[in-house]
Amino acid sequence: MFEADVLDVAQQSSNGALPPGMRVDELVHAAHVRYAAADDGTVADYIPALAQADPDWFGLSLVGVDGGVHEAGDAGIRFTIQSISKAFVFALACEAIGHERVHERVGVNNTGLAFNSVIAVELNAGSPMNPMVNAGAIATTALLPTSDAEERWAVVRDGLSRFAGRPLDLDEEVYRSETETNHRNRAIAQLLHSYGRLAADADEAVDVYTRQCSLAVDAHDLAVMGATLADGGVNPVTGEQVVSAEVCRDTLSVLASCGLYERSGEWLFEIGLPAKSGVSGGIVAVAPGKGAVGAFSPRLDAAGNSVRGQRACAYLSRALGLNLFASARWASDLDGVAS
């Protein structure tokens with residue numbers, strides 16, 4: 001079971017904006033200090049290039065919808081975005097072809113199984129079930145309306161760069177390493193193709209998906225990307241409308257139920273925020289209307305989620321009143337006055 005390690009942190013409740021900037025700075029720093037020494041979890045090694053990560057790296061960034069930046073630790077260290085890309089490619093697909101078509105072809109229900117499960121596809125008559133597992137993400141990438149794989153890759157790279165507010169580069173070493181070891185994803189794509197669920201060539205779809213996972217980001221980039229979803233699709237750094245507010249709503253609803261794989265229910269119960277994780281150690285957690293946390297630490301739990309990142313997000317969710325389900329009784333001068 002996920003251990004948030006926040007029982008001694010009072011749950012705050014807030015229906016408005018983030019607290020003043022200096023208070024946010026203090027709490028982001030406190031979260032980093034609190035969990036920096038945690039040594040639970042292991043670095044992913046099934047992709048050889050990821051095994052080179054320093055297990056002591058730990059960065060936090062919180063970006064508000066006003067563009068305010070609050071950071072601690074290794075917030076500028078680059079790592080590959082991995083599965084976090086799924087959230088933003090899903091948003092691009094919804095923007096391009098619409099809510100209904102993506103829902104019909106991919107689905108939005110949690111599988112309850114591992115992110116790379118083949119059984120989940122077979123058990124659901126070829127449906128990928130949701131865009132946050134590998135089958136659904138490959139199907140979502142294939143849905144982008146382009147003429148060929150290179151154009152699809154350009155759309156993905158440009159779209160994720162617009163979310164981040166800067167051009168994102170491909171980590172060639174990780175891309176090569178993943179290409180040499182992504183046999184399971186290729187098998188999943190062929191299975192989807194056999195069910196008529198793939199809108200592009202299976203091998204080409206997997207290649208674009210592998211490239212999108214190999215884009216290099218840092219914790220700051222994740223926070224900006226998440227804050228764009230928090231602010232109705234407007235990037236708080238560039239001011240660009242990247243996707244519509246409706247697409248942000250759709251994306252955040254899927255993240256709330258499926259973003260942390262088979263631990264999604266525990267995450268929502270403990271932390272109460274739409275979020276997405278990746279096996280390189282990144283997490284983005286979004287507080288609609290307020291901002292987003294970008295966390296990076298390579299030590300993962302058994303489900304592939306950053307241990308320090310989860311705990312830091314839990315701390316900030318409580319201390320800043322970000323939990324969507326936290327509430328406090330509204331008090332007013334009228335309390336106790338009969339109506």
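This is a predicted model: local features need pLDDT of at least 70, side-chain atom pairs count only at pLDDT 80 or more; totals for chains, interfaces and linings use all residues.
Contact here means heavy atoms within 4.5 Å.

**Entry 1: F163 and the cores**

I looked up what F163 touches. Leaving out residues up to four places away in sequence, F163 touches F88, A91, L92, V224, M225, T228, L229, N235, V242 and V243. I then looked for the core around F163. The largest nonpolar core has 66 residues, and L160 and F163 have the most contacts inside it. Helix 2, residues 85-97, gives the most to this core, with 9 residues. Another core, of 31 residues, lies apart from it; V6, L62, C313 and L320 are among its members. As a general note, nonpolar side chains tend to be buried together in soluble globular proteins.

**Entry 2: strand 2**

Which strands pair with strand 2? One is strand 8 (residues 291-296), which pairs with strand 2 (residues 59-64) in the antiparallel sense over 6 bridges. In that pairing, G64 stands opposite G291. Another is strand 3, antiparallel to strand 2 over 5 bridges. There, V63 has V69 as its bridge partner. Strands 2 and 3 form a hairpin with 4 residues between them, and G67 in the turn has a positive phi of about 90°.

Is strand 2 mostly covered or mostly uncovered? I found 6 of its 6 residues buried. In a regular strand the side chains alternate between the two faces of the sheet, so I checked each side. G59, S61 and V63 are buried on one side, and L60, L62 and G64 are buried on the other. I also looked for what lies across this part of the sheet.

**Entry 3: cysteines**

How many disulfides does a search of the whole structure find? The search finds 0. C248 has a relative accessibility of 2%, which is under 20%, so C248 counts as buried. C313 also has a relative accessible area of 2% and is buried.

**Entry 4: D250**

I found D250 in helix 11, residues 245-258. Is D250 buried or exposed? Its relative accessibility is 9%, so D250 counts as buried. The side chain of D250 makes a polar contact with the side chain of R249, at 3.1 Å. With neighbours within four places in sequence left aside, D250 is in contact with F90 and H99.

Definitions and conventions. Residues are numbered from 1 along each chain as its sequence is written. Side-chain values use heavy atoms; hydrogens and water are left out. Two strands pair if DSSP finds at least two bridges between them. Helices (H or I, at least four residues) and strands (E, at least two) are DSSP runs, numbered from the N terminus. A disulfide is a pair of cysteine sulfur atoms within 2.5 Å. Buried means under 20% relative accessible area, exposed over 50%, partly exposed in between (1.4 Å probe, protein chains only). A nonpolar core is a set of buried Ala, Val, Leu, Ile, Met, Phe, Trp, Tyr and Cys residues joined through side-chain atoms within 4.5 Å. A polar contact is a pair of N or O atoms within 3.5 Å; within protein, one must be able to donate a hydrogen and the other to accept it, and residues adjacent in sequence count only if both atoms are side-chain atoms.
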